[in-house]
Amino acid sequence: MAERSQTAPEAGNDMGNDEAIGGNVSKYIVLPTGYCGQPKKGHLIFDACFESGNLGRVDQVSEFEYDLFIRPDTCNPRFRVWFNFTVENVKESQRVIFNIVNFSKTKSLYRDGMAPMVKSTSRPKWQRLPPKNVYYYRCPDHRKNYVMSFAFCFDREEDIYQFAYCYPYTYTRFQHYLDSLQKRNMDYFFREQLGQSVQQRQLDLLTITSPENLREGAEQKVVFITGRVHPGETPSSFVCQGIIDFLISQHPVARVLREHLVFKIAPMLNPDGVYLGNYRCSLMGFDLNRHWLDPSPWAHPTLHGVKQLIVQMYNDPKTSLEFYIDIHAHSTMMNGFMYGNIFEDEERFQRQAIFPKLLCQNAEDFSYSSTSFNRDAVKAGTGRRFLGGLLDHTSYCYTLEVSFYSYIIGGTTAAVPYTEEAYMKLGRNVARTFLDYYRLNPMVEKVAIPMPRLRSDAAPEASGEMRPAGDTASLAYRRCSAVDLINITV
(Lines give C-alpha, C1' and ligand atoms only; values in the text may rest on other atoms or scores of the structure.)
Protein backbone atom coordinates (compact mmCIF):
# COMPACT_ATOMS: atom_id res chain seq x y z
CA MET A 1 0.00 0.00 0.00
CA ALA A 2 1.65 3.22 -1.15
CA GLU A 3 1.71 5.84 1.59
CA ARG A 4 2.14 9.27 0.05
CA SER A 5 0.06 11.48 2.32
CA GLN A 6 3.06 12.87 4.22
CA THR A 7 4.13 14.61 0.99
CA ALA A 8 0.63 15.47 -0.12
CA PRO A 9 0.54 19.06 1.25
CA GLU A 10 3.80 19.93 -0.52
CA ALA A 11 2.67 18.21 -3.69
CA GLY A 12 -0.52 20.21 -3.57
CA ASN A 13 1.45 23.44 -3.55
CA ASP A 14 3.61 22.33 -6.46
CA MET A 15 0.74 21.06 -8.59
CA GLY A 16 -1.14 24.23 -9.32
CA ASN A 17 -2.49 23.07 -12.67
CA ASP A 18 -4.16 19.99 -14.08
CA GLU A 19 -1.30 19.22 -16.45
CA ALA A 20 0.69 18.05 -13.40
CA ILE A 21 -1.77 15.15 -12.90
CA GLY A 22 -0.18 12.29 -14.79
CA GLY A 23 -1.96 9.20 -13.45
CA ASN A 24 -4.51 7.80 -11.06
CA VAL A 25 -4.09 7.75 -7.29
CA SER A 26 -3.15 4.29 -6.01
CA LYS A 27 -4.16 3.37 -2.45
CA TYR A 28 -3.52 6.99 -1.49
CA ILE A 29 -3.73 7.42 2.31
CA VAL A 30 -4.80 10.85 3.52
CA LEU A 31 -3.25 11.59 6.92
CA PRO A 32 -3.80 14.78 8.93
CA THR A 33 -1.06 17.38 8.62
CA GLY A 34 1.73 16.61 11.09
CA TYR A 35 0.42 13.14 11.91
CA CYS A 36 2.98 10.35 12.33
CA GLY A 37 2.29 6.69 12.77
CA GLN A 38 0.05 4.03 11.28
CA PRO A 39 -3.23 5.08 9.63
CA LYS A 40 -6.31 4.84 11.85
CA LYS A 41 -9.92 4.24 10.94
CA GLY A 42 -11.19 7.38 9.31
CA HIS A 43 -7.91 8.17 7.54
CA LEU A 44 -9.40 7.68 4.09
CA ILE A 45 -7.68 5.65 1.41
CA PHE A 46 -8.48 6.65 -2.19
CA ASP A 47 -7.85 4.40 -5.18
CA ALA A 48 -8.52 4.66 -8.92
CA CYS A 49 -5.92 2.20 -10.24
CA PHE A 50 -8.47 -0.19 -11.68
CA GLU A 51 -10.21 -0.62 -15.01
CA SER A 52 -12.08 2.56 -16.08
CA GLY A 53 -10.92 4.27 -12.88
CA ASN A 54 -10.24 8.00 -12.79
CA LEU A 55 -9.03 10.14 -9.91
CA GLY A 56 -5.79 12.06 -10.32
CA ARG A 57 -5.22 13.84 -7.05
CA VAL A 58 -6.64 14.33 -3.53
CA ASP A 59 -6.10 17.43 -1.34
CA GLN A 60 -7.41 17.46 2.22
CA VAL A 61 -9.00 20.83 2.93
CA SER A 62 -10.02 20.08 6.51
CA GLU A 63 -10.83 17.12 8.73
CA PHE A 64 -14.10 16.64 6.88
CA GLU A 65 -13.48 18.10 3.41
CA TYR A 66 -11.46 16.92 0.40
CA ASP A 67 -10.74 18.45 -3.02
CA LEU A 68 -10.66 15.77 -5.72
CA PHE A 69 -9.08 16.28 -9.16
CA ILE A 70 -10.17 14.34 -12.25
CA ARG A 71 -7.25 12.90 -14.19
CA PRO A 72 -7.37 14.39 -17.71
CA ASP A 73 -7.73 12.06 -20.70
CA THR A 74 -4.43 10.45 -21.63
CA CYS A 75 -2.36 12.72 -23.91
CA ASN A 76 -5.14 15.33 -23.90
CA PRO A 77 -5.55 17.68 -20.91
CA ARG A 78 -8.65 19.33 -22.41
CA PHE A 79 -11.14 16.72 -21.23
CA ARG A 80 -11.93 16.19 -17.55
CA VAL A 81 -15.43 14.90 -16.87
CA TRP A 82 -15.44 11.17 -16.04
CA PHE A 83 -14.50 10.08 -12.53
CA ASN A 84 -14.57 6.64 -10.92
CA PHE A 85 -12.79 5.87 -7.64
CA THR A 86 -13.01 3.95 -4.37
CA VAL A 87 -12.72 5.03 -0.74
CA GLU A 88 -11.90 2.67 2.13
CA ASN A 89 -10.69 2.65 5.74
CA VAL A 90 -13.72 4.68 6.73
CA LYS A 91 -15.13 5.15 10.20
CA GLU A 92 -18.77 4.44 11.00
CA SER A 93 -20.91 7.60 10.79
CA GLN A 94 -17.98 9.53 9.30
CA ARG A 95 -19.32 12.53 7.38
CA VAL A 96 -17.36 14.06 4.50
CA ILE A 97 -17.66 16.61 1.74
CA PHE A 98 -16.01 15.74 -1.56
CA ASN A 99 -15.39 18.55 -4.06
CA ILE A 100 -14.73 17.57 -7.70
CA VAL A 101 -12.86 20.76 -8.59
CA ASN A 102 -11.52 20.61 -12.15
CA PHE A 103 -14.34 19.80 -14.59
CA SER A 104 -13.50 20.89 -18.12
CA LYS A 105 -17.14 21.73 -18.88
CA THR A 106 -19.14 24.58 -17.39
CA LYS A 107 -22.61 23.38 -18.36
CA SER A 108 -23.69 20.26 -16.56
CA LEU A 109 -26.78 18.27 -15.63
CA TYR A 110 -25.63 18.70 -12.02
CA ARG A 111 -27.46 22.03 -12.26
CA ASP A 112 -30.68 20.10 -12.99
CA GLY A 113 -30.64 17.51 -10.22
CA MET A 114 -28.10 14.97 -11.45
CA ALA A 115 -26.06 13.29 -8.72
CA PRO A 116 -23.01 10.98 -8.67
CA MET A 117 -23.42 7.21 -8.43
CA VAL A 118 -22.36 5.20 -5.37
CA LYS A 119 -22.18 1.56 -4.35
CA SER A 120 -20.31 -0.41 -1.69
CA THR A 121 -19.12 -3.96 -1.21
CA SER A 122 -22.16 -4.94 0.84
CA ARG A 123 -24.54 -3.03 -1.45
CA PRO A 124 -23.24 -3.72 -4.98
CA LYS A 125 -26.15 -2.14 -6.84
CA TRP A 126 -25.39 1.38 -8.08
CA GLN A 127 -27.53 4.15 -6.60
CA ARG A 128 -27.71 7.90 -7.21
CA LEU A 129 -26.91 10.10 -4.27
CA PRO A 130 -29.82 12.27 -3.07
CA PRO A 131 -29.82 15.47 -5.19
CA LYS A 132 -30.24 17.56 -2.04
CA ASN A 133 -26.71 16.51 -1.05
CA VAL A 134 -25.15 17.71 -4.32
CA TYR A 135 -24.11 21.27 -5.19
CA TYR A 136 -22.76 22.65 -8.47
CA TYR A 137 -21.31 26.14 -8.42
CA ARG A 138 -18.54 28.40 -9.64
CA CYS A 139 -15.78 28.51 -7.07
CA PRO A 140 -13.41 31.50 -6.62
CA ASP A 141 -10.97 29.23 -4.75
CA HIS A 142 -10.38 27.18 -7.90
CA ARG A 143 -9.67 29.79 -10.56
CA LYS A 144 -13.44 30.29 -10.88
CA ASN A 145 -13.81 26.74 -12.20
CA TYR A 146 -17.10 24.97 -11.72
CA VAL A 147 -17.10 22.61 -8.75
CA MET A 148 -19.43 19.76 -7.89
CA SER A 149 -19.59 19.12 -4.14
CA PHE A 150 -21.45 16.31 -2.45
CA ALA A 151 -21.93 15.38 1.17
CA PHE A 152 -21.76 11.73 2.20
CA CYS A 153 -21.93 9.72 5.39
CA PHE A 154 -20.06 6.41 5.57
CA ASP A 155 -22.09 3.94 7.58
CA ARG A 156 -20.23 0.60 7.39
CA GLU A 157 -16.58 0.45 8.41
CA GLU A 158 -15.73 -2.77 6.56
CA ASP A 159 -17.17 -1.60 3.23
CA ILE A 160 -15.23 -0.20 0.31
CA TYR A 161 -17.25 2.59 -1.30
CA GLN A 162 -17.12 3.40 -5.00
CA PHE A 163 -18.20 6.68 -6.61
CA ALA A 164 -18.64 7.36 -10.33
CA TYR A 165 -19.93 9.99 -12.73
CA CYS A 166 -22.43 7.54 -14.21
CA TYR A 167 -23.01 3.77 -14.30
CA PRO A 168 -19.64 2.26 -15.33
CA TYR A 169 -19.56 -0.22 -18.23
CA THR A 170 -16.05 -1.61 -18.62
CA TYR A 171 -14.28 -3.32 -21.51
CA THR A 172 -14.04 -6.51 -19.43
CA ARG A 173 -17.77 -6.49 -18.72
CA PHE A 174 -18.38 -6.06 -22.44
CA GLN A 175 -16.10 -9.00 -23.31
CA HIS A 176 -17.81 -11.25 -20.75
CA TYR A 177 -21.19 -10.26 -22.18
CA LEU A 178 -20.14 -11.16 -25.73
CA ASP A 179 -18.54 -14.39 -24.54
CA SER A 180 -21.81 -15.42 -22.90
CA LEU A 181 -23.74 -14.74 -26.11
CA GLN A 182 -21.25 -16.66 -28.21
CA LYS A 183 -21.57 -19.73 -25.96
CA ARG A 184 -25.26 -19.93 -26.78
CA ASN A 185 -24.43 -20.94 -30.36
CA MET A 186 -27.29 -19.03 -31.98
CA ASP A 187 -27.25 -19.48 -35.74
CA TYR A 188 -28.30 -15.85 -36.27
CA PHE A 189 -25.56 -14.31 -34.09
CA PHE A 190 -22.03 -13.96 -35.42
CA ARG A 191 -19.06 -12.38 -33.65
CA GLU A 192 -15.80 -11.52 -35.36
CA GLN A 193 -12.74 -9.45 -34.61
CA LEU A 194 -12.68 -6.58 -37.08
CA GLY A 195 -9.36 -5.25 -35.78
CA GLN A 196 -7.43 -4.24 -32.70
CA SER A 197 -6.84 -1.05 -30.79
CA VAL A 198 -3.43 0.55 -30.28
CA GLN A 199 -3.09 -1.45 -27.05
CA GLN A 200 -4.22 -4.64 -28.81
CA ARG A 201 -7.74 -4.80 -27.43
CA GLN A 202 -10.41 -6.38 -29.61
CA LEU A 203 -12.63 -4.40 -31.95
CA ASP A 204 -15.67 -6.68 -31.99
CA LEU A 205 -18.16 -6.72 -34.85
CA LEU A 206 -21.50 -8.46 -34.38
CA THR A 207 -23.77 -9.60 -37.19
CA ILE A 208 -27.34 -10.43 -36.23
CA THR A 209 -29.55 -11.82 -39.01
CA SER A 210 -31.09 -15.02 -40.32
CA PRO A 211 -28.46 -17.28 -41.93
CA GLU A 212 -30.37 -17.11 -45.24
CA ASN A 213 -29.40 -13.43 -45.55
CA LEU A 214 -25.70 -14.33 -45.48
CA ARG A 215 -25.72 -16.95 -48.22
CA GLU A 216 -23.67 -16.36 -51.37
CA GLY A 217 -25.25 -13.74 -53.64
CA ALA A 218 -28.02 -12.75 -51.20
CA GLU A 219 -29.12 -9.13 -51.25
CA GLN A 220 -28.82 -7.43 -47.90
CA LYS A 221 -30.47 -4.45 -46.25
CA VAL A 222 -27.95 -3.40 -43.60
CA VAL A 223 -28.43 -1.41 -40.39
CA PHE A 224 -25.00 -0.43 -39.01
CA ILE A 225 -24.78 0.61 -35.34
CA THR A 226 -21.73 1.82 -33.42
CA GLY A 227 -21.21 2.83 -29.79
CA ARG A 228 -18.73 4.04 -27.22
CA VAL A 229 -16.51 6.09 -29.51
CA HIS A 230 -16.40 8.46 -26.51
CA PRO A 231 -15.36 6.15 -23.66
CA GLY A 232 -16.88 8.07 -20.75
CA GLU A 233 -20.33 7.99 -22.35
CA THR A 234 -21.24 4.74 -20.63
CA PRO A 235 -25.02 4.93 -21.30
CA SER A 236 -24.11 4.20 -24.93
CA SER A 237 -23.12 0.65 -23.93
CA PHE A 238 -26.36 0.01 -22.05
CA VAL A 239 -28.44 1.23 -25.00
CA CYS A 240 -26.37 -0.91 -27.35
CA GLN A 241 -26.82 -3.96 -25.12
CA GLY A 242 -30.57 -3.35 -25.13
CA ILE A 243 -30.55 -3.40 -28.94
CA ILE A 244 -28.51 -6.61 -29.04
CA ASP A 245 -30.56 -8.37 -26.35
CA PHE A 246 -33.77 -7.65 -28.21
CA LEU A 247 -32.48 -8.63 -31.65
CA ILE A 248 -31.21 -12.03 -30.48
CA SER A 249 -34.38 -12.79 -28.49
CA GLN A 250 -37.22 -15.05 -29.62
CA HIS A 251 -39.69 -12.18 -29.53
CA PRO A 252 -41.80 -12.30 -32.74
CA VAL A 253 -40.71 -8.77 -33.70
CA ALA A 254 -37.04 -9.73 -33.36
CA ARG A 255 -37.55 -12.81 -35.53
CA VAL A 256 -39.17 -10.75 -38.27
CA LEU A 257 -36.39 -8.16 -38.13
CA ARG A 258 -33.74 -10.87 -38.46
CA GLU A 259 -35.49 -12.30 -41.50
CA HIS A 260 -35.59 -8.98 -43.35
CA LEU A 261 -32.54 -7.03 -42.17
CA VAL A 262 -28.86 -7.53 -41.45
CA PHE A 263 -27.71 -5.76 -38.28
CA LYS A 264 -23.99 -4.97 -38.06
CA ILE A 265 -23.01 -3.69 -34.62
CA ALA A 266 -19.61 -2.45 -33.39
CA PRO A 267 -20.52 -1.73 -29.75
CA MET A 268 -17.17 -0.38 -28.52
CA LEU A 269 -15.15 1.73 -30.98
CA ASN A 270 -12.72 3.03 -28.36
CA PRO A 271 -11.76 0.08 -26.13
CA ASP A 272 -8.48 1.65 -24.98
CA GLY A 273 -10.20 4.83 -23.82
CA VAL A 274 -12.85 2.76 -22.03
CA TYR A 275 -10.23 0.66 -20.25
CA LEU A 276 -8.15 3.69 -19.24
CA GLY A 277 -11.06 5.68 -17.79
CA ASN A 278 -10.91 8.50 -20.34
CA TYR A 279 -13.95 10.65 -20.99
CA ARG A 280 -13.62 11.45 -24.68
CA CYS A 281 -10.28 10.39 -26.16
CA SER A 282 -8.29 7.34 -27.19
CA LEU A 283 -4.97 6.24 -25.70
CA MET A 284 -3.14 8.74 -27.92
CA GLY A 285 -5.40 11.66 -27.04
CA PHE A 286 -7.54 11.62 -30.20
CA ASP A 287 -11.27 12.33 -30.25
CA LEU A 288 -11.99 9.49 -32.68
CA ASN A 289 -15.33 11.01 -33.65
CA ARG A 290 -13.50 13.83 -35.42
CA HIS A 291 -11.34 11.58 -37.63
CA TRP A 292 -13.80 9.82 -39.93
CA LEU A 293 -12.59 11.76 -42.97
CA ASP A 294 -9.13 10.16 -42.93
CA PRO A 295 -8.55 7.73 -40.05
CA SER A 296 -5.00 6.48 -39.65
CA PRO A 297 -4.49 2.70 -39.51
CA TRP A 298 -1.89 3.14 -36.74
CA ALA A 299 -3.30 6.10 -34.74
CA HIS A 300 -7.04 5.34 -35.15
CA PRO A 301 -7.05 1.60 -36.03
CA THR A 302 -10.56 0.81 -34.76
CA LEU A 303 -12.08 3.71 -36.69
CA HIS A 304 -10.04 2.79 -39.76
CA GLY A 305 -11.33 -0.79 -39.63
CA VAL A 306 -14.99 0.23 -39.31
CA LYS A 307 -14.73 2.82 -42.08
CA GLN A 308 -13.11 0.30 -44.44
CA LEU A 309 -15.94 -2.15 -43.84
CA ILE A 310 -18.63 0.48 -44.39
CA VAL A 311 -17.01 1.68 -47.64
CA GLN A 312 -16.71 -1.95 -48.77
CA MET A 313 -20.41 -2.56 -48.13
CA TYR A 314 -21.30 0.70 -49.87
CA ASN A 315 -19.44 -0.46 -52.99
CA ASP A 316 -21.09 -3.90 -52.97
CA PRO A 317 -24.05 -3.88 -55.41
CA LYS A 318 -25.75 -6.62 -53.38
CA THR A 319 -25.67 -4.55 -50.18
CA SER A 320 -27.94 -1.64 -49.35
CA LEU A 321 -26.52 0.23 -46.34
CA GLU A 322 -29.73 1.89 -45.18
CA PHE A 323 -28.99 3.12 -41.65
CA TYR A 324 -25.98 4.22 -39.70
CA ILE A 325 -26.62 5.04 -36.01
CA ASP A 326 -23.84 6.12 -33.65
CA ILE A 327 -24.85 5.98 -29.97
CA HIS A 328 -23.65 8.64 -27.51
CA ALA A 329 -24.55 10.14 -24.12
CA HIS A 330 -25.20 13.83 -23.46
CA SER A 331 -23.97 15.74 -20.40
CA THR A 332 -26.29 18.77 -20.55
CA MET A 333 -29.65 17.64 -21.99
CA MET A 334 -32.49 15.41 -20.82
CA ASN A 335 -34.12 12.51 -22.70
CA GLY A 336 -33.02 10.55 -25.69
CA PHE A 337 -32.89 12.42 -29.00
CA MET A 338 -31.13 12.36 -32.37
CA TYR A 339 -28.96 14.49 -34.60
CA GLY A 340 -29.44 14.13 -38.34
CA ASN A 341 -28.07 15.76 -41.47
CA ILE A 342 -29.24 18.52 -43.80
CA PHE A 343 -29.73 17.68 -47.50
CA GLU A 344 -30.43 19.86 -50.52
CA ASP A 345 -33.05 17.32 -51.59
CA GLU A 346 -36.11 18.37 -49.59
CA GLU A 347 -37.83 14.98 -49.90
CA ARG A 348 -34.74 13.18 -48.56
CA PHE A 349 -34.50 15.67 -45.72
CA GLN A 350 -38.15 15.09 -44.79
CA ARG A 351 -37.90 11.32 -45.03
CA GLN A 352 -34.91 11.41 -42.71
CA ALA A 353 -37.31 12.61 -39.99
CA ILE A 354 -39.47 9.48 -40.21
CA PHE A 355 -37.35 7.19 -38.05
CA PRO A 356 -36.96 9.57 -35.06
CA LYS A 357 -40.67 10.39 -35.26
CA LEU A 358 -41.54 6.71 -35.10
CA LEU A 359 -39.09 6.18 -32.26
CA CYS A 360 -40.79 8.98 -30.37
CA GLN A 361 -44.07 7.06 -30.69
CA ASN A 362 -42.44 3.90 -29.29
CA ALA A 363 -40.24 5.28 -26.50
CA GLU A 364 -41.58 7.56 -23.77
CA ASP A 365 -38.09 8.84 -23.02
CA PHE A 366 -37.26 9.84 -26.62
CA SER A 367 -37.89 13.48 -27.54
CA TYR A 368 -38.51 14.48 -31.14
CA SER A 369 -38.64 18.14 -30.12
CA SER A 370 -35.00 17.86 -28.98
CA THR A 371 -34.00 16.11 -32.21
CA SER A 372 -32.21 18.41 -34.66
CA PHE A 373 -30.72 18.34 -38.14
CA ASN A 374 -27.60 20.37 -38.76
CA ARG A 375 -24.50 20.97 -40.82
CA ASP A 376 -22.26 22.31 -38.05
CA ALA A 377 -18.67 22.68 -39.33
CA VAL A 378 -17.33 21.49 -35.97
CA LYS A 379 -19.03 18.12 -36.56
CA ALA A 380 -17.61 17.59 -40.06
CA GLY A 381 -15.36 14.71 -38.94
CA THR A 382 -18.09 12.76 -37.13
CA GLY A 383 -19.48 9.46 -38.37
CA ARG A 384 -22.90 10.96 -38.94
CA ARG A 385 -21.60 13.84 -41.07
CA PHE A 386 -18.99 11.89 -43.04
CA LEU A 387 -21.21 8.92 -43.86
CA GLY A 388 -24.18 11.20 -44.53
CA GLY A 389 -22.11 12.75 -47.30
CA LEU A 390 -20.74 9.45 -48.58
CA LEU A 391 -23.83 7.25 -48.76
CA ASP A 392 -26.58 7.65 -51.33
CA HIS A 393 -30.12 8.99 -51.00
CA THR A 394 -31.49 5.68 -49.63
CA SER A 395 -29.25 5.86 -46.54
CA TYR A 396 -29.81 7.79 -43.32
CA CYS A 397 -27.19 8.56 -40.71
CA TYR A 398 -27.92 9.61 -37.14
CA THR A 399 -26.27 10.26 -33.83
CA LEU A 400 -28.47 8.86 -31.06
CA GLU A 401 -27.96 10.77 -27.82
CA VAL A 402 -29.23 9.80 -24.39
CA SER A 403 -28.99 11.86 -21.22
CA PHE A 404 -26.48 10.97 -18.52
CA TYR A 405 -29.21 11.83 -16.06
CA SER A 406 -32.92 11.64 -16.80
CA TYR A 407 -35.90 11.94 -19.10
CA ILE A 408 -39.14 13.84 -18.83
CA ILE A 409 -42.35 12.06 -19.76
CA GLY A 410 -44.61 14.06 -22.04
CA GLY A 411 -47.21 16.16 -20.24
CA THR A 412 -45.18 16.32 -17.02
CA THR A 413 -42.25 18.32 -15.70
CA ALA A 414 -40.80 15.69 -13.36
CA ALA A 415 -37.38 14.30 -14.27
CA VAL A 416 -37.21 10.49 -14.16
CA PRO A 417 -33.59 9.41 -13.53
CA TYR A 418 -32.27 6.81 -15.94
CA THR A 419 -31.35 3.38 -14.63
CA GLU A 420 -29.29 0.71 -16.37
CA GLU A 421 -32.56 -1.01 -17.26
CA ALA A 422 -34.11 2.20 -18.64
CA TYR A 423 -31.11 2.71 -20.93
CA MET A 424 -31.45 -0.86 -22.19
CA LYS A 425 -35.18 -0.37 -22.68
CA LEU A 426 -34.43 2.57 -24.98
CA GLY A 427 -32.20 0.21 -26.96
CA ARG A 428 -35.02 -2.32 -27.27
CA ASN A 429 -37.34 0.41 -28.49
CA VAL A 430 -34.79 1.53 -31.09
CA ALA A 431 -34.73 -2.03 -32.42
CA ARG A 432 -38.55 -2.30 -32.47
CA THR A 433 -38.85 0.89 -34.48
CA PHE A 434 -37.30 -0.75 -37.54
CA LEU A 435 -40.42 -2.92 -37.72
CA ASP A 436 -42.54 0.19 -38.14
CA TYR A 437 -40.14 1.88 -40.53
CA TYR A 438 -40.07 -1.09 -42.90
CA ARG A 439 -43.84 -1.75 -42.56
CA LEU A 440 -43.20 -5.29 -41.35
CA ASN A 441 -46.00 -5.28 -38.78
CA PRO A 442 -48.25 -7.68 -40.77
CA MET A 443 -45.41 -10.21 -40.83
CA VAL A 444 -45.46 -10.51 -37.05
CA GLU A 445 -48.94 -12.04 -37.17
CA LYS A 446 -47.51 -14.93 -39.22
CA VAL A 447 -44.73 -15.80 -36.83
CA ALA A 448 -45.44 -19.07 -35.02
CA ILE A 449 -44.77 -19.66 -31.35
CA PRO A 450 -40.99 -19.29 -31.23
CA MET A 451 -38.59 -22.17 -30.75
CA PRO A 452 -34.92 -21.37 -30.18
CA ARG A 453 -32.79 -21.97 -33.25
CA LEU A 454 -29.43 -23.07 -31.94
CA ARG A 455 -26.37 -24.53 -33.58
CA SER A 456 -26.08 -26.97 -30.67
CA ASP A 457 -27.79 -27.64 -27.37
CA ALA A 458 -27.59 -24.56 -25.20
CA ALA A 459 -29.39 -22.97 -22.31
CA PRO A 460 -32.69 -21.33 -23.26
CA GLU A 461 -32.50 -17.62 -23.83
CA ALA A 462 -33.43 -15.32 -21.01
CA SER A 463 -36.44 -13.22 -21.81
CA GLY A 464 -36.37 -9.50 -21.20
CA GLU A 465 -39.23 -7.09 -20.72
CA MET A 466 -41.05 -7.44 -24.02
CA ARG A 467 -44.43 -6.52 -25.38
CA PRO A 468 -46.96 -9.36 -25.66
CA ALA A 469 -47.16 -10.85 -29.15
CA GLY A 470 -50.62 -9.41 -29.63
CA ASP A 471 -49.36 -5.85 -29.16
CA THR A 472 -46.52 -5.88 -31.65
CA ALA A 473 -47.90 -3.53 -34.29
CA SER A 474 -47.04 0.04 -33.39
CA LEU A 475 -49.90 2.51 -33.13
CA ALA A 476 -47.74 4.92 -35.10
CA TYR A 477 -47.71 2.61 -38.10
CA ARG A 478 -51.36 1.61 -37.84
CA ARG A 479 -52.42 5.25 -38.02
CA CYS A 480 -50.03 6.49 -40.67
CA SER A 481 -49.14 5.76 -44.25
CA ALA A 482 -45.57 6.37 -45.47
CA VAL A 483 -46.59 9.78 -46.83
CA ASP A 484 -48.35 10.70 -43.60
CA LEU A 485 -45.26 9.87 -41.58
CA ILE A 486 -43.36 12.73 -43.18
CA ASN A 487 -45.84 15.15 -41.71
CA ILE A 488 -46.18 13.71 -38.23
CA THR A 489 -46.17 16.39 -35.57
CA VAL A 490 -45.10 15.02 -32.23
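Colleague: How many helices and strands are there in the protein?
Modeller: The protein has 13 helices and 21 strands, both taken as DSSP runs (H or I over at least four residues for helices, E over at least two for strands) and numbered from the N terminus. This is a predicted model, in which local features need pLDDT of at least 70 and side-chain atom pairs count only at pLDDT 80 or more, while totals for chains, interfaces and linings use all residues. Residues are numbered from 1 along each chain as its sequence is written, and side-chain values use heavy atoms, with hydrogens and water left out.

Colleague: And what share of the residues is buried?
Modeller: Of the 490 residues, 58% are buried, where buried means under 20% relative accessible area, exposed over 50% and partly exposed in between, with a 1.4 Å probe and protein chains only.

Colleague: Which residues touch the most other members in the largest nonpolar core?
Modeller: Those are Phe46, Phe98 and Phe434, in a core of 108 residues; such a core is a set of buried Ala, Val, Leu, Ile, Met, Phe, Trp, Tyr and Cys residues joined through side-chain atoms within 4.5 Å. Helix 10 (residues 420-437) gives the most to this core, namely nine residues. Another core, of 21 residues, lies apart from it and includes Val222 and Leu387.

Colleague: How do helix 4 and helix 10 pack?
Modeller: Helix 4 (residues 252-260) packs with helix 10 at an angle of about 65°, and their axes are 10 Å apart; the axes are lines fitted to C-alpha atoms over the stretch in contact, with angles from 0 to 180 degrees between N-to-C directions.

Colleague: Which residues meet there?
Modeller: From helix 4, Val253, Val256 and Leu257 meet Ala431, Arg432, Phe434 and Leu435 of helix 10, contact meaning heavy atoms within 4.5 Å.

Colleague: Switching topic, is His328 buried or exposed?
Modeller: His328, which sits in strand 16 (residues 319-330), is buried, with a relative accessible area of 4%. Leaving out residues up to four places away in sequence, His328 touches several others, among them Val229, His230, Glu233 and Glu401.

Colleague: What joins the side chains of His328 and Asp326?
Modeller: A polar contact of 2.7 Å joins them, that is, a pair of N or O atoms within 3.5 Å, of which, within protein, one must be able to donate a hydrogen and the other to accept it, and residues adjacent in sequence count only if both atoms are side-chain atoms.
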